[in-house]
Amino acid sequence: MRNGMEELGEITQHLLRFSPDALLVVDGESRIRFANETLTQLFGYAAANLVGQRMDILLPERLRGSHQHHFTHYTLNPLAREMGARISDLFGRRADGSEFPAGIRLAPFRIGSRLFVAAAIRDMTERRRINEALVAAREEADRANRAKSRFLATASHDLRQPLQAIRLLNAAMMKVPRPELRDILQQQAQAIDSMIRLLNSLLDISRLEAGAITPELVPVDLEEILEELRAEFQALAQTRGLDLRILPVKAVLRTDRILFHQLLQNLAGNALKYTDRGHVSINCVLGNDMLTINVDDTGIGIPADKLDRIFDEYYQVDTHGSKRMGVGLGLAIVSEVAQLLKFNVTIAAGQGGGTRATVSIPRQFLTTAMPTLEPTIVAAAPVAEDRPRIVLVEDNDAVRVATELFLKFEGFEVVSAASTEDAERLFASVQPTDVVITDHHLDADNTGLDLIKALRHRQGALIPGIILTGDLPSLLRRSGTALPACRFLPKPVDTQALIHAINDLSSKARDAQTGQAKE
Ligand code: ADP
(Lines give C-alpha, C1' and ligand atoms only; values in the text may rest on other atoms or scores of the structure.)
Protein backbone atom coordinates (compact mmCIF):
# COMPACT_ATOMS: atom_id res chain seq x y z
CA MET A 1 0.00 0.00 0.00
CA ARG A 2 1.27 3.47 -0.85
CA ASN A 3 1.92 5.74 2.07
CA GLY A 4 0.81 9.34 2.41
CA MET A 5 4.20 10.73 1.38
CA GLU A 6 4.18 8.77 -1.89
CA GLU A 7 0.67 9.99 -2.66
CA LEU A 8 1.63 13.61 -1.94
CA GLY A 9 4.65 13.19 -4.22
CA GLU A 10 2.40 11.97 -7.02
CA ILE A 11 -0.07 14.81 -6.51
CA THR A 12 2.76 17.32 -6.68
CA GLN A 13 4.10 15.74 -9.87
CA HIS A 14 0.64 15.80 -11.40
CA LEU A 15 0.01 19.36 -10.37
CA LEU A 16 3.30 20.47 -11.84
CA ARG A 17 2.54 18.81 -15.18
CA PHE A 18 -1.10 19.76 -15.56
CA SER A 19 -1.44 22.92 -13.45
CA PRO A 20 -4.32 25.24 -14.56
CA ASP A 21 -1.75 27.86 -15.61
CA ALA A 22 1.08 27.06 -18.01
CA LEU A 23 4.34 26.84 -16.04
CA LEU A 24 7.80 27.71 -17.23
CA VAL A 25 11.17 28.02 -15.47
CA VAL A 26 14.02 30.01 -17.01
CA ASP A 27 17.54 30.52 -15.72
CA GLY A 28 19.40 33.81 -15.29
CA GLU A 29 20.55 33.60 -18.92
CA SER A 30 17.00 33.45 -20.24
CA ARG A 31 17.14 29.76 -21.15
CA ILE A 32 14.13 27.56 -20.63
CA ARG A 33 14.86 24.90 -17.99
CA PHE A 34 11.38 23.52 -17.51
CA ALA A 35 8.02 23.63 -19.28
CA ASN A 36 4.92 21.74 -18.13
CA GLU A 37 2.24 20.04 -20.25
CA THR A 38 -0.16 22.94 -19.96
CA LEU A 39 2.51 25.20 -21.42
CA THR A 40 3.44 22.94 -24.29
CA GLN A 41 -0.26 22.61 -25.16
CA LEU A 42 -0.77 26.36 -24.97
CA PHE A 43 2.19 27.12 -27.23
CA GLY A 44 1.97 24.02 -29.44
CA TYR A 45 5.51 22.73 -28.78
CA ALA A 46 6.79 19.44 -27.40
CA ALA A 47 8.61 19.96 -24.07
CA ALA A 48 11.77 18.42 -25.53
CA ASN A 49 11.82 21.16 -28.19
CA LEU A 50 11.63 23.91 -25.61
CA VAL A 51 14.03 22.98 -22.80
CA GLY A 52 17.45 24.51 -23.46
CA GLN A 53 16.00 27.08 -25.92
CA ARG A 54 16.08 30.81 -25.27
CA MET A 55 12.82 32.03 -23.81
CA ASP A 56 12.46 34.44 -26.78
CA ILE A 57 11.05 31.59 -28.82
CA LEU A 58 7.73 32.07 -26.96
CA LEU A 59 7.49 35.78 -27.81
CA PRO A 60 6.48 37.60 -31.00
CA GLU A 61 9.61 38.80 -32.75
CA ARG A 62 8.72 42.49 -32.39
CA LEU A 63 8.76 42.18 -28.59
CA ARG A 64 12.01 40.20 -28.22
CA GLY A 65 14.40 43.17 -27.96
CA SER A 66 12.44 45.02 -25.28
CA HIS A 67 11.75 41.79 -23.41
CA GLN A 68 15.47 40.99 -23.10
CA HIS A 69 16.02 44.47 -21.70
CA HIS A 70 13.21 44.03 -19.12
CA PHE A 71 14.48 40.58 -18.16
CA THR A 72 18.04 41.79 -17.49
CA HIS A 73 16.59 44.62 -15.41
CA TYR A 74 14.38 42.16 -13.53
CA THR A 75 17.26 39.83 -12.58
CA LEU A 76 18.95 42.75 -10.76
CA ASN A 77 16.05 42.96 -8.34
CA PRO A 78 13.91 39.86 -8.78
CA LEU A 79 10.53 39.98 -6.96
CA ALA A 80 7.39 37.90 -7.19
CA ARG A 81 4.99 40.06 -9.21
CA GLU A 82 2.64 40.45 -12.13
CA MET A 83 4.46 41.15 -15.38
CA GLY A 84 3.62 44.14 -17.57
CA ALA A 85 1.67 47.17 -16.44
CA ARG A 86 -1.29 46.52 -18.69
CA ILE A 87 -2.67 43.27 -19.97
CA SER A 88 -2.63 44.66 -23.50
CA ASP A 89 1.20 44.80 -23.39
CA LEU A 90 1.90 41.07 -23.21
CA PHE A 91 1.65 38.49 -25.97
CA GLY A 92 2.70 34.85 -26.41
CA ARG A 93 3.72 33.36 -29.78
CA ARG A 94 2.67 29.82 -30.60
CA ALA A 95 4.75 27.33 -32.60
CA ASP A 96 2.57 28.07 -35.67
CA GLY A 97 3.40 31.78 -35.41
CA SER A 98 -0.03 32.87 -34.13
CA GLU A 99 -0.23 35.16 -31.12
CA PHE A 100 -2.41 35.41 -28.06
CA PRO A 101 -2.66 38.03 -25.28
CA ALA A 102 -0.99 36.66 -22.16
CA GLY A 103 -1.14 37.25 -18.42
CA ILE A 104 2.14 36.36 -16.70
CA ARG A 105 3.08 36.10 -13.00
CA LEU A 106 6.72 35.79 -12.02
CA ALA A 107 8.27 34.06 -8.98
CA PRO A 108 12.07 34.09 -8.64
CA PHE A 109 13.96 31.44 -6.62
CA ARG A 110 17.58 30.39 -6.14
CA ILE A 111 19.30 27.01 -6.10
CA GLY A 112 22.60 27.69 -4.45
CA SER A 113 23.69 30.99 -5.94
CA ARG A 114 21.96 30.44 -9.28
CA LEU A 115 18.86 32.46 -10.07
CA PHE A 116 15.80 30.90 -11.67
CA VAL A 117 12.52 32.54 -12.52
CA ALA A 118 9.26 30.59 -12.58
CA ALA A 119 6.48 32.06 -14.75
CA ALA A 120 2.78 31.16 -14.70
CA ILE A 121 1.27 32.05 -18.07
CA ARG A 122 -2.42 32.33 -18.90
CA ASP A 123 -4.17 32.85 -22.22
CA MET A 124 -6.10 36.11 -21.76
CA THR A 125 -7.98 36.02 -25.08
CA GLU A 126 -11.32 35.41 -23.42
CA ARG A 127 -10.71 37.90 -20.59
CA ARG A 128 -9.62 40.51 -23.08
CA ARG A 129 -12.67 39.89 -25.25
CA ILE A 130 -14.90 40.34 -22.22
CA ASN A 131 -13.00 43.50 -21.27
CA GLU A 132 -13.41 44.95 -24.73
CA ALA A 133 -17.09 44.01 -24.75
CA LEU A 134 -17.48 45.72 -21.38
CA VAL A 135 -15.77 48.87 -22.57
CA ALA A 136 -17.91 48.89 -25.72
CA ALA A 137 -21.09 48.31 -23.69
CA ARG A 138 -20.14 51.11 -21.34
CA GLU A 139 -19.46 53.49 -24.22
CA GLU A 140 -22.77 52.53 -25.78
CA ALA A 141 -24.58 53.11 -22.48
CA ASP A 142 -22.89 56.50 -22.09
CA ARG A 143 -23.87 57.42 -25.64
CA ALA A 144 -27.47 56.36 -25.04
CA ASN A 145 -27.52 58.28 -21.77
CA ARG A 146 -26.24 61.42 -23.44
CA ALA A 147 -28.82 61.04 -26.20
CA LYS A 148 -31.54 60.66 -23.56
CA SER A 149 -30.31 63.76 -21.74
CA ARG A 150 -30.28 65.74 -24.98
CA PHE A 151 -33.77 64.57 -25.81
CA LEU A 152 -35.06 65.45 -22.35
CA ALA A 153 -33.43 68.86 -22.45
CA THR A 154 -34.98 69.66 -25.83
CA ALA A 155 -38.39 68.21 -25.01
CA SER A 156 -38.71 69.90 -21.64
CA HIS A 157 -37.48 73.18 -23.06
CA ASP A 158 -39.94 73.11 -25.95
CA LEU A 159 -42.83 72.05 -23.74
CA ARG A 160 -42.40 75.19 -21.70
CA GLN A 161 -43.76 77.44 -24.45
CA PRO A 162 -47.23 75.87 -24.62
CA LEU A 163 -47.26 75.52 -20.85
CA GLN A 164 -46.50 79.20 -20.58
CA ALA A 165 -49.55 79.92 -22.72
CA ILE A 166 -51.74 77.62 -20.62
CA ARG A 167 -50.61 79.25 -17.38
CA LEU A 168 -51.34 82.73 -18.67
CA LEU A 169 -54.76 81.68 -19.98
CA ASN A 170 -55.56 80.11 -16.63
CA ALA A 171 -54.60 83.36 -14.85
CA ALA A 172 -56.72 85.33 -17.32
CA MET A 173 -59.75 83.07 -16.73
CA MET A 174 -59.42 83.58 -12.98
CA LYS A 175 -60.29 87.20 -13.63
CA VAL A 176 -63.65 86.29 -15.17
CA PRO A 177 -66.35 86.81 -12.51
CA ARG A 178 -67.71 83.24 -12.50
CA PRO A 179 -67.45 82.02 -8.86
CA GLU A 180 -68.57 78.50 -9.82
CA LEU A 181 -65.45 78.13 -11.97
CA ARG A 182 -63.02 79.36 -9.35
CA ASP A 183 -62.31 75.96 -7.74
CA ILE A 184 -61.79 74.29 -11.08
CA LEU A 185 -59.43 77.00 -12.23
CA GLN A 186 -57.52 76.82 -8.96
CA GLN A 187 -57.12 73.05 -9.34
CA GLN A 188 -55.99 73.63 -12.88
CA ALA A 189 -53.45 76.20 -11.70
CA GLN A 190 -52.03 73.68 -9.23
CA ALA A 191 -51.72 71.03 -11.93
CA ILE A 192 -49.97 73.53 -14.20
CA ASP A 193 -47.58 74.47 -11.38
CA SER A 194 -46.61 70.89 -10.69
CA MET A 195 -46.08 70.27 -14.40
CA ILE A 196 -43.81 73.29 -14.57
CA ARG A 197 -41.85 72.04 -11.56
CA LEU A 198 -41.43 68.67 -13.25
CA LEU A 199 -40.28 70.24 -16.51
CA ASN A 200 -37.82 72.46 -14.67
CA SER A 201 -36.35 69.47 -12.83
CA LEU A 202 -36.10 67.46 -16.04
CA LEU A 203 -34.38 70.32 -17.77
CA ASP A 204 -31.97 70.82 -14.86
CA ILE A 205 -31.00 67.17 -14.51
CA SER A 206 -30.61 66.63 -18.24
CA ARG A 207 -28.45 69.72 -18.64
CA LEU A 208 -26.31 68.68 -15.68
CA GLU A 209 -25.98 65.14 -17.00
CA ALA A 210 -25.20 66.22 -20.51
CA GLY A 211 -22.30 68.22 -19.05
CA ALA A 212 -23.85 71.42 -20.43
CA ILE A 213 -23.22 73.41 -17.27
CA THR A 214 -19.83 74.78 -16.30
CA PRO A 215 -19.73 76.36 -12.86
CA GLU A 216 -18.77 80.01 -12.84
CA LEU A 217 -16.88 80.73 -9.64
CA VAL A 218 -17.60 84.12 -8.09
CA PRO A 219 -17.57 85.40 -4.49
CA VAL A 220 -20.87 84.40 -2.87
CA ASP A 221 -21.99 85.82 0.45
CA LEU A 222 -23.44 82.95 2.49
CA GLU A 223 -25.68 85.22 4.59
CA GLU A 224 -27.15 86.70 1.43
CA ILE A 225 -27.97 83.27 -0.03
CA LEU A 226 -29.58 82.16 3.23
CA GLU A 227 -31.59 85.37 3.36
CA GLU A 228 -32.87 84.64 -0.15
CA LEU A 229 -33.86 81.13 0.95
CA ARG A 230 -35.69 82.56 3.95
CA ALA A 231 -37.60 84.95 1.70
CA GLU A 232 -38.45 82.06 -0.64
CA PHE A 233 -39.59 79.57 1.98
CA GLN A 234 -40.99 81.72 4.79
CA ALA A 235 -44.53 81.84 3.42
CA LEU A 236 -44.61 78.09 2.71
CA ALA A 237 -43.33 77.31 6.23
CA GLN A 238 -46.03 79.54 7.68
CA THR A 239 -48.86 77.94 5.74
CA ARG A 240 -47.59 74.53 6.82
CA GLY A 241 -47.40 75.69 10.45
CA LEU A 242 -43.64 75.04 10.59
CA ASP A 243 -40.96 77.04 12.26
CA LEU A 244 -38.19 78.00 9.80
CA ARG A 245 -34.91 78.69 11.62
CA ILE A 246 -31.86 79.93 9.79
CA LEU A 247 -28.53 80.33 11.59
CA PRO A 248 -25.96 81.72 9.20
CA VAL A 249 -22.27 82.42 9.77
CA LYS A 250 -20.28 85.19 8.17
CA ALA A 251 -18.57 83.57 5.23
CA VAL A 252 -17.86 84.29 1.62
CA LEU A 253 -17.53 81.31 -0.70
CA ARG A 254 -15.94 81.09 -4.08
CA THR A 255 -18.50 79.08 -5.96
CA ASP A 256 -21.23 79.20 -8.59
CA ARG A 257 -24.00 81.34 -7.11
CA ILE A 258 -26.89 79.85 -9.07
CA LEU A 259 -25.87 76.21 -8.57
CA PHE A 260 -25.12 76.71 -4.86
CA HIS A 261 -28.50 78.37 -4.36
CA GLN A 262 -30.18 75.52 -6.24
CA LEU A 263 -28.46 72.91 -4.06
CA LEU A 264 -29.63 74.49 -0.80
CA GLN A 265 -33.05 75.24 -2.27
CA ASN A 266 -33.61 71.57 -3.09
CA LEU A 267 -32.52 70.41 0.38
CA ALA A 268 -34.61 73.04 2.19
CA GLY A 269 -37.55 72.36 -0.15
CA ASN A 270 -37.44 68.65 0.72
CA ALA A 271 -37.19 69.37 4.45
CA LEU A 272 -40.36 71.47 4.23
CA LYS A 273 -42.14 69.00 1.95
CA TYR A 274 -41.59 66.00 4.17
CA THR A 275 -42.32 67.69 7.51
CA ASP A 276 -45.82 68.15 8.90
CA ARG A 277 -45.01 69.29 12.41
CA GLY A 278 -42.13 71.00 14.20
CA HIS A 279 -39.38 72.88 12.46
CA VAL A 280 -36.91 73.08 9.62
CA SER A 281 -33.54 74.60 10.40
CA ILE A 282 -30.52 75.57 8.37
CA ASN A 283 -27.45 75.71 10.59
CA CYS A 284 -23.95 76.74 9.55
CA VAL A 285 -20.81 75.70 11.37
CA LEU A 286 -17.42 77.12 10.43
CA GLY A 287 -14.70 74.64 11.38
CA ASN A 288 -10.96 74.71 10.83
CA ASP A 289 -10.94 73.04 7.46
CA MET A 290 -14.60 72.91 6.54
CA LEU A 291 -17.77 74.94 6.40
CA THR A 292 -20.70 72.67 7.25
CA ILE A 293 -24.31 73.50 6.47
CA ASN A 294 -26.90 71.25 8.11
CA VAL A 295 -30.48 71.23 6.91
CA ASP A 296 -32.48 69.57 9.68
CA ASP A 297 -36.15 68.74 9.87
CA THR A 298 -38.52 67.05 12.28
CA GLY A 299 -40.39 65.29 9.50
CA ILE A 300 -41.22 61.74 8.48
CA GLY A 301 -37.54 60.76 8.13
CA ILE A 302 -36.04 58.27 5.69
CA PRO A 303 -35.81 54.56 6.60
CA ALA A 304 -32.14 53.52 7.08
CA ASP A 305 -32.33 50.84 4.38
CA LYS A 306 -33.47 53.42 1.79
CA LEU A 307 -30.74 55.98 2.43
CA ASP A 308 -28.30 54.60 -0.12
CA ARG A 309 -30.79 54.98 -2.97
CA ILE A 310 -32.24 58.43 -2.42
CA PHE A 311 -29.73 60.19 -4.67
CA ASP A 312 -30.81 57.99 -7.62
CA GLU A 313 -32.85 59.59 -10.37
CA TYR A 314 -36.62 59.15 -10.01
CA TYR A 315 -36.20 57.29 -6.72
CA GLN A 316 -38.83 58.03 -4.10
CA VAL A 317 -39.19 56.36 -0.75
CA ASP A 318 -42.47 54.55 -0.78
CA THR A 319 -43.71 55.70 2.58
CA HIS A 320 -47.00 54.07 3.27
CA GLY A 321 -49.83 56.54 3.66
CA SER A 322 -47.82 59.65 2.81
CA LYS A 323 -48.48 61.49 -0.41
CA ARG A 324 -45.90 61.53 -3.17
CA MET A 325 -44.87 65.12 -3.43
CA GLY A 326 -42.26 65.23 -6.15
CA VAL A 327 -40.84 63.18 -8.97
CA GLY A 328 -37.63 61.97 -7.38
CA LEU A 329 -35.23 64.31 -9.18
CA GLY A 330 -34.44 66.83 -6.41
CA LEU A 331 -31.66 64.84 -4.76
CA ALA A 332 -30.27 63.60 -8.09
CA ILE A 333 -29.85 67.28 -9.00
CA VAL A 334 -28.26 67.94 -5.59
CA SER A 335 -25.80 65.12 -6.19
CA GLU A 336 -24.84 66.35 -9.69
CA VAL A 337 -24.49 69.94 -8.49
CA ALA A 338 -22.39 68.89 -5.45
CA GLN A 339 -20.08 67.00 -7.78
CA LEU A 340 -19.70 70.04 -10.03
CA LEU A 341 -19.01 72.35 -7.08
CA LYS A 342 -16.75 69.76 -5.38
CA PHE A 343 -18.83 69.84 -2.18
CA ASN A 344 -19.89 66.75 -0.29
CA VAL A 345 -23.55 66.15 0.54
CA THR A 346 -24.81 63.42 2.83
CA ILE A 347 -28.29 62.58 4.07
CA ALA A 348 -28.81 60.79 7.35
CA ALA A 349 -31.40 60.29 10.04
CA GLY A 350 -31.81 63.38 12.23
CA GLN A 351 -30.78 63.07 15.88
CA GLY A 352 -34.26 63.50 17.31
CA GLY A 353 -36.10 61.89 14.37
CA GLY A 354 -36.56 63.58 11.02
CA THR A 355 -33.77 63.99 8.50
CA ARG A 356 -30.41 65.76 8.41
CA ALA A 357 -28.82 66.80 5.12
CA THR A 358 -25.23 67.96 5.47
CA VAL A 359 -23.29 70.00 2.94
CA SER A 360 -19.54 69.99 3.59
CA ILE A 361 -17.59 72.73 1.88
CA PRO A 362 -13.79 72.42 1.99
CA ARG A 363 -11.87 75.45 3.25
CA GLN A 364 -10.34 76.06 -0.17
CA PHE A 365 -13.71 77.46 -1.32
CA LEU A 366 -13.87 80.03 1.46
CA THR A 367 -12.56 83.51 0.78
CA THR A 368 -12.36 86.44 3.12
CA ALA A 369 -12.66 89.48 0.89
CA MET A 370 -16.05 90.29 -0.55
CA PRO A 371 -16.37 92.95 -3.23
CA THR A 372 -19.30 95.28 -2.69
CA LEU A 373 -22.07 94.31 -5.04
CA GLU A 374 -25.39 95.91 -5.79
CA PRO A 375 -27.97 94.34 -3.46
CA THR A 376 -29.99 91.83 -5.44
CA ILE A 377 -32.97 91.48 -3.14
CA VAL A 378 -35.87 93.44 -4.55
CA ALA A 379 -38.16 95.28 -2.19
CA ALA A 380 -41.91 94.75 -2.44
CA ALA A 381 -43.24 96.76 -5.35
CA PRO A 382 -45.85 99.38 -4.72
CA VAL A 383 -48.85 98.96 -6.98
CA ALA A 384 -48.69 101.59 -9.69
CA GLU A 385 -51.63 103.94 -9.60
CA ASP A 386 -51.57 104.52 -13.33
CA ARG A 387 -51.09 101.28 -15.15
CA PRO A 388 -48.32 101.50 -17.71
CA ARG A 389 -48.84 100.59 -21.31
CA ILE A 390 -47.24 97.26 -22.16
CA VAL A 391 -45.28 96.76 -25.37
CA LEU A 392 -45.05 93.01 -25.90
CA VAL A 393 -42.62 91.32 -28.31
CA GLU A 394 -43.10 87.56 -28.63
CA ASP A 395 -42.65 85.45 -31.74
CA ASN A 396 -44.59 82.42 -30.50
CA ASP A 397 -48.22 83.08 -31.48
CA ALA A 398 -49.86 81.06 -28.70
CA VAL A 399 -47.72 82.63 -26.00
CA ARG A 400 -48.22 86.13 -27.39
CA VAL A 401 -52.00 85.82 -27.53
CA ALA A 402 -52.14 84.31 -24.02
CA THR A 403 -49.84 86.98 -22.55
CA GLU A 404 -51.85 89.73 -24.18
CA LEU A 405 -55.12 88.30 -22.89
CA PHE A 406 -53.76 87.86 -19.40
CA LEU A 407 -52.39 91.40 -19.23
CA LYS A 408 -55.61 92.88 -20.61
CA PHE A 409 -57.62 91.01 -17.98
CA GLU A 410 -55.24 92.50 -15.43
CA GLY A 411 -56.23 95.93 -16.71
CA PHE A 412 -53.22 96.88 -18.83
CA GLU A 413 -53.28 98.41 -22.25
CA VAL A 414 -51.20 96.13 -24.47
CA VAL A 415 -49.69 96.51 -27.92
CA SER A 416 -47.83 93.56 -29.34
CA ALA A 417 -45.39 92.56 -32.06
CA ALA A 418 -44.67 89.10 -33.43
CA SER A 419 -41.19 89.82 -34.78
CA THR A 420 -38.31 92.22 -34.42
CA GLU A 421 -39.41 94.07 -37.59
CA ASP A 422 -42.90 94.47 -36.16
CA ALA A 423 -41.35 95.66 -32.93
CA GLU A 424 -39.45 98.41 -34.79
CA ARG A 425 -42.79 99.81 -35.91
CA LEU A 426 -44.12 99.88 -32.31
CA PHE A 427 -40.93 101.28 -30.90
CA ALA A 428 -41.39 104.57 -32.77
CA SER A 429 -44.16 105.49 -30.34
CA VAL A 430 -42.75 104.06 -27.09
CA GLN A 431 -42.95 106.37 -24.06
CA PRO A 432 -40.49 106.30 -21.13
CA THR A 433 -43.30 105.08 -18.86
CA ASP A 434 -44.23 102.12 -21.07
CA VAL A 435 -42.92 98.71 -20.05
CA VAL A 436 -41.45 96.48 -22.77
CA ILE A 437 -41.87 92.73 -22.26
CA THR A 438 -39.91 90.61 -24.67
CA ASP A 439 -38.94 87.01 -25.24
CA HIS A 440 -35.17 86.60 -25.15
CA HIS A 441 -34.84 84.19 -28.08
CA LEU A 442 -36.41 86.11 -30.92
CA ASP A 443 -34.59 85.31 -34.12
CA ALA A 444 -31.12 84.37 -35.28
CA ASP A 445 -29.85 87.98 -35.24
CA ASN A 446 -31.61 89.51 -32.25
CA THR A 447 -32.20 88.70 -28.63
CA GLY A 448 -34.67 90.43 -26.35
CA LEU A 449 -31.72 92.00 -24.60
CA ASP A 450 -30.39 93.45 -27.90
CA LEU A 451 -33.84 94.80 -28.63
CA ILE A 452 -34.16 96.65 -25.33
CA LYS A 453 -30.64 98.07 -25.59
CA ALA A 454 -31.33 99.29 -29.15
CA LEU A 455 -34.66 100.82 -28.12
CA ARG A 456 -33.05 102.67 -25.20
CA HIS A 457 -30.34 103.98 -27.45
CA ARG A 458 -32.84 105.18 -30.00
CA GLN A 459 -35.21 106.90 -27.52
CA GLY A 460 -32.37 108.18 -25.35
CA ALA A 461 -34.32 106.99 -22.30
CA LEU A 462 -34.13 104.13 -19.83
CA ILE A 463 -37.29 102.37 -21.05
CA PRO A 464 -38.19 99.67 -18.47
CA GLY A 465 -37.79 96.16 -19.84
CA ILE A 466 -38.72 92.63 -18.81
CA ILE A 467 -36.99 89.76 -20.57
CA LEU A 468 -38.54 86.30 -20.48
CA THR A 469 -36.31 83.32 -21.09
CA GLY A 470 -36.52 79.55 -20.96
CA ASP A 471 -32.90 79.42 -19.85
CA LEU A 472 -32.55 82.02 -17.11
CA PRO A 473 -29.31 80.64 -15.57
CA SER A 474 -27.38 80.92 -18.86
CA LEU A 475 -28.76 84.38 -19.55
CA LEU A 476 -27.82 85.60 -16.08
CA ARG A 477 -24.36 84.13 -16.47
CA ARG A 478 -23.85 85.90 -19.77
CA SER A 479 -25.32 89.28 -18.98
CA GLY A 480 -25.07 89.55 -15.20
CA THR A 481 -27.88 91.35 -13.38
CA ALA A 482 -26.42 94.79 -13.81
CA LEU A 483 -28.68 96.22 -16.56
CA PRO A 484 -30.66 99.04 -14.90
CA ALA A 485 -34.47 99.10 -15.05
CA CYS A 486 -34.45 95.58 -16.48
CA ARG A 487 -35.74 92.29 -15.06
CA PHE A 488 -35.13 88.75 -16.20
CA LEU A 489 -37.91 86.24 -15.55
CA PRO A 490 -37.88 82.51 -16.24
CA LYS A 491 -40.35 80.90 -18.61
CA PRO A 492 -43.01 79.65 -17.93
CA VAL A 493 -43.45 82.90 -16.15
CA ASP A 494 -45.02 83.11 -12.73
CA THR A 495 -47.96 85.45 -13.32
CA GLN A 496 -47.59 87.11 -9.90
CA ALA A 497 -43.89 87.71 -10.49
CA LEU A 498 -44.69 89.26 -13.86
CA ILE A 499 -47.24 91.69 -12.42
CA HIS A 500 -44.85 92.48 -9.56
CA ALA A 501 -42.02 93.27 -12.00
CA ILE A 502 -44.27 95.46 -14.19
CA ASN A 503 -45.53 97.47 -11.22
CA ASP A 504 -42.09 97.85 -9.72
CA LEU A 505 -40.40 98.99 -12.92
CA SER A 506 -43.27 101.24 -13.82
CA SER A 507 -43.42 103.04 -10.49
CA LYS A 508 -39.64 103.59 -10.57
CA ALA A 509 -39.90 104.95 -14.13
CA ARG A 510 -42.64 107.37 -13.01
CA ASP A 511 -40.57 108.49 -10.02
CA ALA A 512 -37.64 109.15 -12.34
CA GLN A 513 -39.95 111.14 -14.67
CA THR A 514 -41.32 113.26 -11.81
CA GLY A 515 -37.78 113.81 -10.53
CA GLN A 516 -36.73 115.08 -13.94
CA ALA A 517 -39.79 117.32 -14.25
CA LYS A 518 -39.00 118.97 -10.89
CA GLU A 519 -35.36 119.67 -11.82
P1 ADP B 1 -38.80 64.16 -4.58
O2 ADP B 1 -39.06 64.99 -5.79
O3 ADP B 1 -39.63 62.94 -4.53
O4 ADP B 1 -38.82 64.95 -3.31
P5 ADP B 1 -35.95 63.84 -4.16
O6 ADP B 1 -34.92 63.30 -5.10
O7 ADP B 1 -35.78 65.24 -3.72
O8 ADP B 1 -37.33 63.59 -4.83
O9 ADP B 1 -35.96 62.90 -2.90
C10 ADP B 1 -36.04 61.50 -3.05
C11 ADP B 1 -36.85 60.89 -1.96
O12 ADP B 1 -36.15 60.99 -0.72
C13 ADP B 1 -38.17 61.59 -1.72
O14 ADP B 1 -39.17 61.07 -2.56
C15 ADP B 1 -38.44 61.29 -0.26
O16 ADP B 1 -39.07 60.03 -0.15
C17 ADP B 1 -37.05 61.19 0.34
N18 ADP B 1 -36.67 62.43 1.05
C19 ADP B 1 -35.86 63.41 0.59
N20 ADP B 1 -35.68 64.37 1.51
C21 ADP B 1 -36.39 64.01 2.58
C22 ADP B 1 -36.62 64.57 3.89
N23 ADP B 1 -36.06 65.74 4.26
N24 ADP B 1 -37.41 63.88 4.74
C25 ADP B 1 -37.97 62.71 4.38
N26 ADP B 1 -37.80 62.13 3.18
C27 ADP B 1 -37.03 62.76 2.29
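This is a predicted model: local features need pLDDT of at least 70, side-chain atom pairs count only at pLDDT 80 or more; totals for chains, interfaces and linings use all residues.
Local features require a pLDDT of at least 70 and side-chain atom pairs count only at pLDDT 80 or more, whereas totals for chains, interfaces and linings use all residues. Residues are numbered from 1 along each chain as its sequence is written, and side-chain values use heavy atoms, with hydrogens and water left out.

Glutamate 126 is partly exposed at 44% relative accessible area, and arginine 129 is partly exposed at 47%. In this classification, buried means under 20% relative accessible area, exposed over 50%, and partly exposed in between (1.4 Å probe, protein chains only).

A salt bridge also joins the side chains of glutamate 180 and arginine 178, at 2.7 Å from N to O. Glutamate 180 is partly exposed, with 49% relative accessibility, as is arginine 178, with 43%.

In the salt bridge between glutamate 394 and lysine 491, the closest N and O atoms are 3.3 Å apart. This pair links distant parts of the chain, 97 residues apart: glutamate 394 lies in the loop between strand 15 (389-393) and helix 10 (397-409), and lysine 491 in the loop between strand 19 (486-490) and helix 14 (495-518). Glutamate 394 is buried, at 2% relative accessibility, and lysine 491 is likewise buried, at 5%. Elsewhere, a network of salt bridges links Lys148, Glu209 and Glu313.

Leu169, Met173, Val176, Val401, Leu405 and Phe409 make a nonpolar surface patch of about 460 Å². Patches consist of residues with over 30% relative accessible area and no salt bridge, like charges being joined within 9 Å and nonpolar side chains (Val, Leu, Ile, Met, Phe, Trp, Tyr) within 5 Å. Accessible areas come from the Shrake-Rupley method with a 1.4 Å probe; for residues, only the protein chains shown count as cover. Helix 5 and helix 10 each contribute at least two residues to the nonpolar patch, and helix 10 gives the most, with three. Valine 401 is located in helix 10 and is partly exposed, with a relative accessible area of 44%.

Notes: A salt bridge is a side-chain nitrogen of Lys or Arg within 4 Å of a carboxyl oxygen of Asp or Glu. Helices (H or I, at least four residues) and strands (E, at least two) are DSSP runs, numbered from the N terminus.
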